[in-house]
Amino acid sequence: MRRTRIWALVAMALSAAVALTAASAAQPIEAGEAPGVLVSRQLMESRALGIGDLVRLSADPTGGRSRTFRILGAYEPTPDPMRFAQPALEARLHLPDLLALSGNPSDPSASDTVSSINVALVNPADADAFARDVSTRLPGTVARPTSAPDDRAGTFLVIERFHLAIASVTMLGSAVFLLALMMMLVDERSDVVGTLRLIGFTRRRILMQVLAEGTCIAAVGTAFGIGFALIMQGAFNRFFQWRYDTALVFLRITPGVVAQSILLALPLGIAASAIASWTLLRRHPLALVRR
Amino acid sequence: MLRVLRLAWLTSVRQPGRTSIGVLGVVAVGALLFDMLLLSRGLVLSFRDLLDRAGFDVRVLATDAAPFTGPRIVEADAVAAAIAALPQVEAVVPVSIREADIVSETAASQPPGRVQFIAADPQARPMWTLVDGRDLSAGAGANPPLVVNRTVADRLSLSPGSTLTLRGACGPDGSVLPPVAFAIVGVAGFPFDDAAAQTVAGRLSDIGRLCEGGMELGVDMLLVRSNQREGAGRAAAAIQALLPPLHVVTNEELVERFSRVQFSYFRQISFVLATVTLFFGFLLITVLLTASVNQRLGEIAALRAVGLSRTRVVAGVLCESVMMVGAGAILAVPVGLVLSVWLDDILRALPGIPSDVHFFVFEGRTLVAYTWLLGAASVGAALYPMRIVATLPIAATLRREVVG
Amino acid sequence: MTQPPIVEARHVSRVFPMAAAPVTALSDVSIRIEAGEYVAVVGPSGCGKSTLLHILGCVDVPTSGDVLVQDRNVGSLSDAERSRLRLREIGFVFQRFFLLPMLTAWENVELPQAEAGVARLDRRRRTAELLEYVGLASRAAHRPSELSGGEMQRVAIARALANRPRLLLADEPTGELDQRTGGHIITLLDRLHEDGTAVVVVTHDVAVAACAHRLLTMRDGQIVEGSS
């Protein structure tokens, strides 16, 4: 919560600051020894800023207590799936500069206050023990391994569950589609099947042949589907990255997803061809030929 | 027309297996499409309903930052009085939100927790719905009054008459503040609470007891109810003209902003899935109809030879498509509604989602859009088989059928 | 004043474009079918008999030459007009019957009448009369799958006669039937002719050809024997 607020504050401050810069275009900004700041690509583009430009930043919406910074570079913000729809208007300041900008001047400890401290452990496997140790030694401090679940993880778990539910319904629809296709495929050759039965082919023999064909079709279909998904992955990602001006990857087809698709599609295809052919094979051969 | 329909019907039921599968496919596709249409506007509708239910249609903030994340409005009493004096405004309620830790609990075994403390004017119409006890305006004797939500009441076994001690979590840089004992006067439902939210409400004047500085630090938001004759838009414009530095937003604007930014994911996913689903349904019907038509080419050619016009046989194929899609579409609505309840339950488990917010909300226009989309899909799906029938060479087909 | 022929083909040719080379099915064929005539067209397979029948029945158009149905040039008619012509003036009987399997015998016979806009009561009367005529009154409620080959062909003939056409075209009407059943169909065609309908039948069946008053023999897309 606090972290979110701080980011919001910085974002808000930057919006205000840039607005101030624009407003004071006629008033030259005194450069002096302006500290450096990195500005997100999106902010650079949206406000037509350039490297070397001087900007005035303030944590106060009225523009009070503003400070002048020089843009040293632009960066691509780390994509945040929780905020992908919001434009990444942000900047990176040196910590002392940010504290000087946002801290309460009447609070002597303001320059020594941070929202969080990132710790890199010698042995990352000790993260849980280390977090417990810190929490015991420093009451009131929240220490948490970066791998620990938080609200964000909860959000993605729910979204994943939602996607799974949607995928289940889609699968059901696909299964029906597949069954319809296979039924038609088999049905169209009912006279051939009837003839084969009449000349002495057993049901089992024909069923095996249909199953072999079904397996081939399912395999080709699965391969085509995966290929199509891979192409669509690029198209989707490009579209949404353009739409939201972010480097976030929206769609990623992992080997696990591919394996899942194969494990679902192949048996489904084979089952569909078995069901479809059985509906034909249980009929009398003469009825098939006579149609 | 009736004859065309009857023949189309008889043709459809002639192959019950295939038709059933087609209808079943449309049911699956239709249900998903229906749900995606519900999802595309559900959150917006639900959010708007939630905002409207609070009884205020304009919100005044210090900046355009999200509510409760940005700077506060200072000298709130004076600002509220100035706004209230506008003829377009009926009422103004300053609201602040702070966090507080639970200090004393009746259930000792429970771990300490944190609550969200909503501070508002006790004389104004509350933004919560009282379910037990009294409201803040009634007062509570020695201790300041407090209304708690059901989660807090149940978790701490509180009821009107109990006492709850809170310690403000709003000191500068995390410093520890003195605890404050509150008298529970009522239990209420808060519109923006999620299932796990622990929310309490107290008087605005008591925020000073909980947090250092209190009202001097300003309020987070002013809730404004516009004069019914003027409407929210005019009230917002008048407030903005009166106090240009403040950010004034109507419920409509807030909904639009949320719809554009926060709810964007669901709009996008509903659009993508609706498109894919529709394409899928289109493909299914095209394939089924094409196969059906291909199997009946001889029959169709013979019908043409005995004098049935091209329009007549083409209309028959179109009717078959519309019938199959129509039957599936009708069955898909109840299936979609059941499915939407399931999907809604899944999504409402998202952290921070108010309990009263729904992702899938039914409205009349959803049904209209659904009918149009599936209608278009049924016509689109029939185009190719219709073309086959329309361009069918009668003599060649009859010859082929005899040779075949 | 002499009556115009029911259908007349003048110097008709029909060429089918094929991948390997175009195939000439009809080559400069001329023929007149007068009212009440009974014509049989015979010849080896692939000589153009069915193509000629299709052209006379307005379901196909010649590559060159003219077809006139009651003095109206078919080439100048739209598809809808040709459909109407077939519906009211020409009856078709096919080797493979082509009855609608989901309709009963009654409904199959009623279908062209309904399409022609015949009133319900007249439709009923005519359908009953036709089924009686072909000897299937008792099988009216049966679907094609419940009928024998001969019965199906009789229903097909009843359907062809539904709108009282002046010309009946039959393409191998006994081709799928045994000799005895085929005999019934021949008798029926004979009766039809006696009742005043012009009949053109394409056949390999000597018995059918023997009943006709005019016999045309075709070979390689041309009428080589018999007066056209």
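A residue is called buried here if 20 or more other C-beta atoms lie within 10 Å of its own, exposed if 12 or fewer do, and partly exposed in between, with C-beta atoms placed from the backbone. Helices (H or I, at least four residues) and strands (E, at least two) are DSSP runs, numbered from the N terminus.

The structure is a predicted model, in which local features need pLDDT of at least 70 and side-chain atom pairs count only at pLDDT 80 or more, while totals for chains, interfaces and linings use all residues. Residues are numbered from 1 along each chain as its sequence is written, and chains are lettered from A and ligands numbered from 1 in the order in which they are written.

Chain A holds nine helices and four strands, and along the sequence these follow the pattern α-β-α-β-β-β-α-α-α-α-α-α-α. Of its 291 residues, 21% are buried. Two residues are taken to be in contact if their C-beta atoms, placed from the backbone, lie within 7 Å. Among the contacts in chain A with a separation of 6 or more, 73% join residues 24 or more positions apart.

Chain A is divided into domain 1 (2-120) and domain 2 (151-290), with bounds that come from an automatic or database domain assignment. Nine residues of domain 1 of chain A are in contact with seven residues of domain 2 of chain A. The side contributed by domain 1 has seven nonpolar, one polar and one charged residues. For these classes, Ala, Val, Leu, Ile, Met, Phe, Trp, Tyr, Cys and Pro count as nonpolar, Asp, Glu, Lys and Arg as charged, and the others, Gly among them, as polar.

Helix H7 of chain A covers residues 203-244. The expected span of a helix is 1.5 Å times one less than its number of residues, so the 42 residues of H7(A) should span 62 Å, and the 58 Å between its end C-alpha atoms agrees with this. Within H7(A), Val210(A), Gly214(A), Ala218(A) and Tyr244(A) are buried. Just after this helix, Asp245(A) takes a positive phi of about 50 degrees.

Chain B is likewise divided, into domain 1 (2-51 + 263-403) and domain 2 (63-245). The centres of these two domains of chain B, taken over C-alpha atoms, are separated by 51 Å. Six residues of domain 1 of chain B are in contact with five residues of domain 2 of chain B. On the domain 1 side, the touching residues divide into three nonpolar, two polar and one charged.

A nonpolar core is a set of buried Ala, Val, Leu, Ile, Met, Phe, Trp, Tyr and Cys residues joined through C-beta atoms within 7 Å. The largest such core has 220 residues, and those with the most contacts inside it are Leu222(B) and Val224(B). Helix H2 (residues 16-53) of chain B gives the most to this core, with 18 residues. Leaving aside neighbours within four places in sequence, the contacts of Val224(B) include Phe56(B), Val58(B), Ile83(B) and Ile239(B). Apart from this core lies another, of 13 residues, among them Val37(A), Leu43(A), Met44(A) and Leu98(A).

Chain C contains seven helices and ten strands. Its C-alpha trace spans about 50 × 45 × 35 Å along its principal axes. The radius of gyration is taken over C-alpha atoms, and the globule rule is 2.2 Å times the number of residues to the power 0.38. For 228 residues a compact globule would have a value near 17 Å, and the 17 Å of chain C agrees. Buried residues make up 49% of chain C. Gln70(C), in the loop between strand E4 (64-69) and strand E5 (72-73) of chain C, has a positive phi of about 45 degrees although it is not a glycine. Gln70(C) is partly exposed, with 15 other C-beta atoms within 10 Å.

Finally, 24 residues of chain C are in contact with 20 residues of chain B. Helix H1 (49-56), helix H2 (79-89), helix H3 (105-115) and helix H5 (149-161) of chain C are the elements that give two or more residues to the chain C side. The largest share, five residues, comes from H2(C). By class, this side of chain C has 13 nonpolar, five polar and six charged residues.
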